[in-house]
There are 2 protein chains.
Amino acid sequence: MELRDFFAGFWKDLSPEEQAALEAAAVRRRYQPGEVLHRGGECDSLYAVLSGRLRVYMLSGEGRQVTLYRLFERDFCLFSASCILKDIQFDVTVEAEKETEVYALPSALYQRLMAEKAEVSNFTMGLMASRFTEVMWRMEQILSRKLDARLAAFLLEESAIEGSLSLHLTHEKIASNLGTAREVVTRLLKYLQSEGLIRVSRGEIVLLEPKGLQKLAE
Amino acid sequence: MELRDFFAGFWKDLSPEEQAALEAAAVRRRYQPGEVLHRGGECDSLYAVLSGRLRVYMLSGEGRQVTLYRLFERDFCLFSASCILKDIQFDVTVEAEKETEVYALPSALYQRLMAEKAEVSNFTMGLMASRFTEVMWRMEQILSRKLDARLAAFLLEESAIEGSLSLHLTHEKIASNLGTAREVVTRLLKYLQSEGLIRVSRGEIVLLEPKGLQKLAE
């Protein structure tokens, strides 16, 4: 994947000089599983993920790691360059979960483009909005911890009833069983999937790790 | 306060026509305590708070209201116009806590300005970044609930020792007593202050509601 593909949202709005400057400044870097790309408080580069997987987490007051979201191929890691967003005043840590290759872009250059071009600024705002949405989901998930357990228990129960690890259940049906909203179920299923416990596809939920679900349900 | 004061960050970057359009479109509205200005899912106006206080909250899976932050005079309520930010996919409710007067600005006009002017877009990104920071603090506070209780207990204990409701304690000193980081203490104190339990000023912490602190400490 080329740099222009990452920035397809505004590449055509850049001058040839700006395009050349971005291309000249971008550096490919490779990280091993467990390596930390960014530690809260520092201001590093803006990372664009070429391959692999990054985990972004915060530290709770008691030093516990709380995963906020994961970044995959084609995603941007915005908060490793938090100094380009002067009102961001929180710290996150970014760690490679698999072998990961990124483009690293200098914050200062990106910040200049953002100040000059509404397209770059709006693109970046979209990135922030996506991360904000993920963090809000995560918060909801933390607040709905009991609901998590109940969902896991419900899936295991249905699986036992059907005698199958593949369930055909609508999110509405699950929601009405748990007494919550469809959107909440959709988010919780998405979370269970990101943890590798289930696989959700159109009209089907496959239990991948019944033991993990059992643990959650307890 | 005039509209131009709210938008001082980019007012000079607008054309006279754009300034006139904003001024013509802005409507003053007044809300009574308990009135809901915005309910998740809808796309209303961008609100600029002239006076009063707004509470922004989310609903947990189990229907509990979780306060995310409060908005005061000079603040903007961005998420009541969430449709201008296409990647925001979560719902919040905005409610007046006191009698509140706002300027209401149509989303469509603001969105057009944001698309055209990098200054408007960057200004808006700053608003979002501030709210993001507050939500992260709130999340930290939720995750550090035990630390909350310990901080309240510590303040009450110090108050008993000193025989005074006014304490002269550095955040560092509190942090080392609780075994956490100074920033965490600063955020928790800020939270206790926003709840009206204490008042924090330079070098001084005043316990305003010892009973409320006692309840938290239990």
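1. In chain A of this predicted model, strand β10 (residues 198–201) and strand β11 (residues 204–207) pair in the antiparallel sense over 4 bridges. Two strands are said to pair if DSSP finds at least two bridges between them. The strands themselves are DSSP runs (E, at least two residues), as the helices are (H or I, at least four residues), and both are numbered from the N terminus. Ile198(A) has Leu207(A) as its bridge partner in β11(A). The hairpin of β10(A) and β11(A) has 2 residues between the strands, and Gly203(A) in this hairpin takes a positive phi near 75 degrees.

2. A note on conventions. Residues are numbered from 1 along each chain as its sequence is written, chains are lettered from A and ligands numbered from 1 in the order in which they are written, and side-chain values use heavy atoms, with hydrogens and water left out. As the model is predicted, local features need pLDDT of at least 70 and side-chain atom pairs count only at pLDDT 80 or more, while totals for chains, interfaces and linings use all residues.

3. Chain B has an open sheet of 3 strands in the order β9-β11-β10, with antiparallel pairing. Its edge strands are β9 (166–167) and β10 (198–201), each of which pairs on one side only. β9(B) and strand β11 (residues 204–207) of chain B are joined in the antiparallel sense over 2 bridges; Val206(B) in β11(B) is the bridge partner of Ser166(B). Helix α7 (residues 182–194) of chain B lies across β10 and β11 of chain B and runs at about 130 degrees to β10(B). Angles here run from 0 to 180 degrees between N-to-C directions, and axes are lines fitted to C-alpha atoms, for helices over the stretch in contact.

4. What is the order of the 4 strands in the open sheet of chain A? The order is β2-β7-β4-β5, with antiparallel pairing. β2 (36–38) and β5 of chain A stand at the edges with a single partner strand each, so one side of each has no neighbour in the sheet. From one strand to the next the twist averages 35 degrees. β2(A) pairs with strand β7 (residues 93–96) of chain A in the antiparallel sense over 2 bridges, and His38(A) has Val94(A) as its bridge partner in β7(A). Helix α4 (residues 118–143) of chain B packs on this sheet, where it touches β4 (54–59) and β5 of chain A, and its direction makes about 70 degrees with that of β4(A).

5. Between the chains, the axes of helix α4 (residues 118–143) of chain A and helix α3 (residues 107–116) of chain B come within 7 Å and cross at roughly 120 degrees. This makes α4(A) oblique to α3(B); under 35 degrees counts as roughly parallel, over 145 as roughly antiparallel, 65 to 115 as roughly perpendicular and the rest as oblique. Ala118(A), Asn122(A) and Met125(A) of α4(A) make the contact with Met114(B), Ala115(B) and Glu116(B) of α3(B), contact meaning heavy atoms within 4.5 Å.

6. Ser45(B) is found in the loop between β2 (36–38) and β3 (46–51) of chain B. Is Ser45(B) buried or exposed? Ser45(B) is buried, with a relative accessible area of 12%; buried means under 20%, exposed over 50% and partly exposed in between (1.4 Å probe, protein chains only). Leaving aside neighbours within four places in sequence, Ser45(B) is in contact with residues including Arg29(B), Ser80(B) and Leu105(B).

7. Arg74(A) is not a glycine, yet has a positive phi of about 85 degrees. Arg74(A) is found in the loop between β5 (65–71) and β6 (76–77) of chain A.
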